[in-house]
Every structure is written in C-alpha cells, then in structure tokens.
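Subject: Structure for your review

Dear colleague,

Please find the structure below, with an account of what was found in it. I would be grateful if you would read the two side by side.

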Amino acid sequence: MGDTGTRQFDIFSAAVKESTPGESEMTRMVDMFRRRLWVVMLTAALVFLAVAFITASATKMYTATADVQLDLQRQNMLGSIETAVTGAAPDAGAVDTETQILSSRTLIARVVDNLNLIDDPEFNPPANAGIFGRISDMLRLSPAPSALEKARNRSAAREQVINRLMKRRDVRRVGLTYILQISVTSESPAKAAQIANSFAELYLTSQLENKYDTIARANEWLANRLDVLRQEVQAKERQVEVYRAQNGLLSASGSTLTEQAISNLNLQMVGARADLAEREARLRSVESALARGDNADTAAEALGSVVIANLREKQADIARRRAEITAKYGPRHPEMRRVAEEEADNAKRIDQEVSRIVASLRNEVEIARNRVGSISGSLGLQQTDLAANNVGAVKLRELERDAEASKTLYEGFLSRSKQIAEQGGAEQPDARIVSRASQPTEPSSPQTQLNLAIGLVLGLALGALLALLLEFFEQSLRSAQDVQDRLRLTCLGALPYLDKRTRMVDMEMVPPESYVLRRPLSAFGEALRGVRASLFFSSPDRPVRVLAVTSALPDEGKTTTALALARISALAGSKTIVVDCDLRRRSATHALGLDVEHGLTELLFGTARLEDVIQKDVGSGADILPLAQAEFTPRDLFNSTAMRELIEELRNRYEVVILDTAPVLPLADTRMLSPLADSVLLVVRWARTRHSAVRSAVEQLRAHGADIGGVVLAGVNSSLMARLIDDRPDNYSELYQTYYVR
C-alpha cells in the first residue's frame with residue numbers, strides 16, 4: 001500500500017475534482033486502462049509466455065515450393081486450325097480451374113500412392129505409437145484381423161494420409177501471373193521437396209493422360225460419326241437421283257433434257273419461219289408478175305430454172321432461124337411455118353415450166369407453213385413439260401440442299417479427323433515446371449519472431465478485454481468521477497490508506513485516527529484539511545456547524561474520519577466537539593480508549609449533565625461526548641426533543657459539531673438523526689464498497705430530509721489513485737515533496 005511520505009496531497013485533491021461536462025470518453029477509457037494496467041500487463045505476460053513455450057516445444061516444419069507455369073496457348077486438338085495456330089490467352093477462370101485441379105483430392109491420392117506415403121510414419125503414424133498405444137496393443141485379446149479387414153484398414157489409412165497431406169500442401173497463384181506455386185510442408189526438408197516435385201510432375205503427367213484420353217475418345221467418336229454421316233450422304237444423294245429420274249428432271253451439261261429440247265425447237269422455229277417467209281416472198285414475187293401480165297419466165301424463180309434457161313436458148317435459136325429464113329426466103333416460105341410451130345411449142349413449154357415452178361413454190365410455202373406449225377406444236381408440249389418440271393424442281397432443290405448440307409458436315413468431320421490423325425503423338429502438357437523444389441534450409445514453422453509478436457499483441461488484446469470486463473463488472477467506487485457518475489454527489493476528498501509501515505512513528509504504532517496528531521502536515525492531514533475546507537467554508541451563505549459523519553455499511557472508516565476531522569479542526573483553532581452517536585458499537589468511545597460511567601444516553605435521559613459527560617482530547621483539545629457502557633434501550637432517542645435540544649445547545653457552544661453516527665443501511669438511527677445536522681458526510685471505503693449500497697444509503701438519507709454535503713473516499717491506494725488523475729500531478733512531486741512531513 002502507499003507510503004504517506006511519498007504520496008502528496010495534490011494527488012488526492014486532484015482526484016476529488018469533478019469531471020468537466022466536456023470530458024471525452026477517450027479520456028475516461030485511458031483512465032480505465034491506467035487503473036487496470038496491472039491486469040493488462042499480467043495477461044499479456046502470461047499469454048506471451050504461453051506462446052513462447054508452445055513455440056519452443058513445437059516440432060520444426062519445413063516448406064518446399066515448386067513453380068509451375070501454365071501454357072494454355074498450346075494447340076487444342078479438337079479446336080479449329082485458327083485457334084490452334086494463334087492460341088488463346090488464359091483468363092482468370094482458366095488459371096483458377098488449374099489451381100483447383102492441382103488442389104484436387106485425386107492428384108493428392110496419386111502423390112500418396114506414387115511416394116507410398118501410407119507407409120511413412122509422419123503421415124501415417126502407427127496405431128500403437130506411444131506408451132498408451134503399446135499397452136493397449138499388449139492387452140488386446142482380439143484375434144488377428146483377416147485379409148478383408150486389413151484391406152479395409154489400409155483403405156481407411158490411405159484416406160487419412162490423403163487428408164493429412166491435403167492440410168500440408170498449398171497451391172496459390174503468384175499475383176496476376178500464370179505461375180502456380182505448389183508448397184508442401186513436412187518434418188523433413190528432403191521429403192518436403194520430394195513431395196512438391198512429385199505434385200508438379202504428376203500434374204504434367206495427368207495433363208498428358210487427359211490429352212491422350214481425349215484424343216482417343218475423339219477418334220472413336222469421329223469414326224462412328226463419319227460412318228453415320230457417310231451413310232446419310234449416300235442415302236440422300238440416291239434419293240435425289242431417284243426423284244430426278246421419276247420426275248423427268250434428268251439433265252446434261254448443266255440443264256435438263258426438256259430445257260435442251262425447248263432450246264433446239266426454238267432454233268428450229270426460227271429457221272422454219274425464216275424459210276417460210278423466204279418462200280412466201282418468192283411466191284408473191286411470181287404471182288405479182290403474173291398479175292401484172294408480165295412474162296412469168298422473167299421472174300426470178302423462172303430465171304433460175306435450168307429448163308427455162310434451155311427453153312430460152314432454144315427460143316433464141318428459133319428466132320435466129322426465122323430471121324435467117326425470112327431474110328433468105330421471105331415470110332411465106334414453108335420453112336417459116338415449121339419454125340412458127342417450133343416457136344409456139346417452145347413458148348408453150350416455157351409457160352408449162354413457169355406454171356410448174358409456181359405450183360412448186362406454192363407447195364414449198366405450204367410445206368414450210370406446215371413445218372412451222374409442227375415445230376410450234378412440239379414447242380408447246382415441251383413448254384408444258386417444262387412447267388411441270390419446274391414444279392418438281394422445287395422439291396428436287398430441297399432434296400439437293402439437304403444432301404449438300406449432309407455432305408458439307410461429312411466433309412468437315414472428315415477434315416477434322418485427318419487433322420487429329422496428323423497431330424497424333426505430338427501432344428504436350430499445357431504447363432511446364434519453371435522451378436523444381438529444393439530442400440529448404442530454414443524451418444517454415446514455428447516462426448518464432450512472428451509467433452512472439454502475435455503472442456504479445458494477443459496478450460495485450462486479451463488483457464485489454466479483461467480490463468474492460470473487470471471495469472464493466474466493477475461495483476465499487478474508485479475515483480471522484482465514479483462518485484459523480486454513479487451517485488451524483490461531490491467527492492470532497494480521498495484519504496490515503498495508512499499501512500503499518502506508515503503508522504510507525506518514533507518506533508510506536510500509531511492508530512489511524514491519532515496519526516494526524518503525530519503527523520499533522522502529512523498527506524493524510526492535508527487531505528483532511530481539504531475536506532474540512534470543502535465542508536465548513538465552501539458556502540458562506542449556508543454555514544455548516546453540525547456535521548453528521550456516516551457510512552452505508554460498517555467498517556467503512558467513518559469513525560476514523562470523524563475523529564481525525566475533529567482533531568484537524570481543533571488544531572486549526574475551531575472549538576470542536578465529537579458526539580459518539582453509534583449506540584451499539586460506541587466506535588468513537590472505543591477508538592479514544594474512554595471508559596466512562598455517563599455519556600450521551602444518560603444525558604438524553606436527563607440523569608447527567610453536559611458538563612459531567614464531556615471528555616477532553618488531550619492531543620488536539622477537541623471535546624468528546626462519549627457513550628457509556630449501558631444496555632441498549634428501545635427508545636427512539638435521536639428523534640426525541642431532548643436530542644434536538646442537545647444539538648441546538650452544542651451548536652451554540654461550539655463552532656464545529658461532528659456526529660459519529662451508525663451505518664445507514666443496517667440501522668435506522670442515522671436516518672432519524674441526519675435531519676438534525678446541517679450536512680451529512682458519507683464515508684465510502686475505496687475500491688471495496690459496492691456503489692449500489694452507497695446509492696441505497698443516499699436515497700434513504702434523502703428520503704428523511706438529510707442534506708448530503710459530499711463523499712469522502714477512505715483507504716485509498718495512493719499508487720493506483722495517482723493513475724486515475726488526468727493531469728497526473730505526481731509527475732511534479734519532486735518539486736513540492738518538502739511541503740509534507742512524514
């Protein structure tokens with residue numbers, strides 16, 4: 001506890017000041033932590049030591065890391081040629097997918113089987129490990145397990161090994177790169193590196209196996225699909241040809257036979273019509289000449305006739321002969337007659353030939369006209385067939401499109417099958433090992449510095465939490481602020497606790513109430529003078545002459561406070577009297593060591609006079625009105641007229657009248673007596689009395705009309721009290737330490 005010689009009055013006077021309305025919650029929180037600093041530090045120390053012990057006793061673990069770079073731009077065997085050539089940048093989803101594959105339970109199981117970790121004691125410790133396991137194995141009376149049970153046990157052990165390895169491996173992406181780090185932790189550095197490298201190698205192997213399986217499944221599926229598509233194309237092409245034949249849609253050189261026939265008939269129609277026009281023109285020419293009366297033999301058709309040409313030559317020869325005969329023999333020569341007959345016969349023959357030519361021309365015109373009609377009829381029939389063919393061609397084109405679509409699909413699958421066949425055997429994994437794991441030289445756990453730092457932070461946090469909990473559940477009063485907040489009263493002072501070492505004066509143990517006589521200038525005395533000043537001189541308009549000193553519960557220090565306050569007042573020159581009003585315990589009388597026959601009770605009963613019962617305190621000069629040893633009376637002495645008259649008489653005789661009353665809660669005496677006093681001083685044991693009890697005492701006193709002047713905290717721990725003050729006046733203690741006397 002605190003030493004009076006080293007604690008100063010300023011600490012306690014600062015502790016009794018009321019908090020200003022603007023005091024922040026942060027300041028109060030700091031005060032709380034200062035008050036509970038020992039809790040925080042002790043908790044932090046315990047947690048720190050526990051973490052340090054656990055860290056020191058923990059098994060050292062080593063972590064090896066292998067780096068794998070994803071290369072997802074490799075050719076996709078089932079992708080298009082463009083994708084295979086250009087590749088595609090791996091997105092975040094693809095990288096996350098590969099990360100999950102590396103973390104998959106299947107890959108971990110392959111690593112376990114590949115390295116035979118099921119027989120590794122680190123990952124599969126024996127069931128009889130340790131003393132208790134060996135004892136249990138020795139006491140086992142069951143028969144040896146069968147082969148099936150061994151297989152089941154090994155399978156279960158394999159699953160446990162997989163679970164343990166799963167907890168010891170970590171796969172993570174390095175930033176935004178395409179590098180995956182595979183970290184494995186083990187008790188052995190070599191084993192950690194071996195397992196990490198095995199993870200990387202089996203990951204690449206699994207990629208190749210997946211590619212082989214994918215290509216094999218693709219080839220099988222493509223082969224089956226090609227067979228189906230081939231049959232489908234053949235069936236559809238056959239259906240096209242059958243429909244073409246059934247509907248007369250046969251074609252040659254890119255067009256149907258009907259279209260070719262119509263084209264030929266059109267050509268024939270043009271020629272026939274031209275020939276008809278020519279022959280009609282020739283016939284009209286001849287008929288026109290005959291109609292004009294011209295010689296028909298001059299017509300173009302006649303001029304072109306060989307017969308008429310011969311007949312005209314013959315006619316010219318006859319004319320020459322007639323001219324010769326006429327010139328030689330004269331017109332009457334008998335030869336002239338024969339010549340005339342030949343000429344007439346020749347002319348007749350010309351006319352006959354002309355008639356024949358005209359008739360021939362007419363026949364030719366008719367034939368040509370009939371030919372045109374025949375061609376026109378055939379063309380009409382062909383056009384009718386063409387219209388029917390066009391209707392059928394709609395269905396034919398539909399069948400051709402369907403057949404062409406199946407053919408295109410078949411050709412695409414055939415091309416893809418050839419691509420896969422060409423790429424077979426060139427498969428590469430979509431990743432590569434950038435850095436193989438090497439044996440670590442330093443353990444990865446426990447991380448001593450980090451663990452100790454975490455332990456310290458955790459200890460401080462737990463200590464702060466514990467301090468908050470203690471503060472939350474704190475029921476006592478420890479500061480002036482507590483008095484103000486919880487009781488709505490003013491804290492008039494804080495009396496330091498006087499331990500045995502402090503009370504040892506001149507090799508004599510001094511009681512607390514007498515310490516102020518031996519050391520009046522001590523911090524204890526200065527605290528009492530501060531209380532006296534606050535009570536008796538703070539309000540000139542309402543002077544306090546009669547002061548009732550009480551407490552909520554027994555053993556709060558009220559009698560010590562009352563006697564010490566009376567002695568300080570007497571030493572200061574005020575005429576003071578202390579009245580022992582604790583009828584049951586006679587605390588003040590016993591504290592002063594008085595043994596009297598008459599006291600307050602006899603005075604109130606009228607069996608004694610005031611002058612006869614008053615005792616003098618030799619050290620201070622204060623008067624004492626004690627209680628004599630007598631049986632307790634049930635009469636209500638303090639609510640009597642005699643008590644009121646006594647108080648008035650003492651008020652007139654003395655400047656300060658201090659009533660040492662009984663505790664408020666156990667007894668009703670103080671509640672009856674408190675209205676007779678000018679003010680009531682409530683003494684509260686520091687850090688011990690529950691504020692609920694004090695509040696109840698305050699309510700009861702106020703219910704009886706008492707005027708509570710304030711609260712005094714008694715038995716204060718000086719060192720702790722100093723931490724409750726905001727401005728920490730103990731920081732300046734060296735400057736005014738000589739003001740106090742031990």
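Predicted model: local features only at pLDDT ≥ 70, side-chain atom pairs only at ≥ 80, totals over all residues.

**Confidence of the model**

Residues are numbered from 1 along each chain as its sequence is written, and side-chain values use heavy atoms, with hydrogens and water left out. The protein chain has an average pLDDT of 80, and 82% of the residues score at least 70. The pLDDT is below 50 over residues 1–23, a stretch with 68 contacts in the model beyond near neighbours in sequence.

**Strand β11 and D580**

Helices (H or I, at least four residues) and strands (E, at least two) are DSSP runs, numbered from the N terminus. Strand β11 covers residues 576–580. Because 5 of its 5 residues are buried, β11 is largely enclosed by the rest of the structure; buried means under 20% relative accessible area, exposed over 50%, and partly exposed in between (1.4 Å probe, protein chains only). T576, V578 and D580 are buried on one side of β11, and I577 and V579 on the other.

Two strands pair if DSSP finds at least two bridges between them. Strand β11 runs parallel to β14 (residues 656–660), with 5 bridges joining them, and V578 stands opposite I658 in β14. Strand β13 (residues 623–625) is also parallel to β11, through 3 bridges, and D623 in β13 is the bridge partner of I577.

D580 is buried but has no salt bridge; R586, the nearest side chain of opposite charge, is 6.3 Å away. Here Lys and Arg count as positive and Asp and Glu as negative, while His and the chain ends are not counted. A salt bridge is a side-chain nitrogen of Lys or Arg within 4 Å of a carboxyl oxygen of Asp or Glu. The side chain of D580 does reach the backbone nitrogen of D582 at 3.2 Å.

**Salt bridges elsewhere**

The whole structure holds 29 salt bridges. One of them joins the side chains of D120 and K191 (2.7 Å, N to O). D120 lies in the loop between α6 (105–115) and α7 (130–138) and K191 in helix α9 (residues 189–246), so far as the chain is concerned 71 residues apart. D120 counts as buried at 13% relative accessibility, and K191 counts as buried at 18%.

E122 and R168 form another salt bridge, with the closest N and O atoms 2.3 Å apart. Because E122 lies in the loop between α6 and α7 and R168 in helix α8 (residues 147–168), this pair ties together parts that are 46 residues apart in sequence. E122 is buried, with a relative accessible area of 12%, whereas R168 is partly exposed at 21%.

**Backbone features**

A cis peptide bond, with omega about 0°, joins S445 and P446. P446 is in the loop between β6 (431–435) and α14 (448–472). Two residues other than glycine have a positive phi: D506, near 55°, and M507, near 60°. D506 lies in the loop between β8 (504–505) and β9 (508–509), and is exposed, with a relative accessible area of 60%. M507 is exposed at 79%.

With kind regards

Methods
Polar contact = N/O pair within 3.5 Å; in protein donor to acceptor, adjacent residues only side chain to side chain. pLDDT = per-residue confidence, 0-100. Contact = heavy atoms within 4.5 Å.
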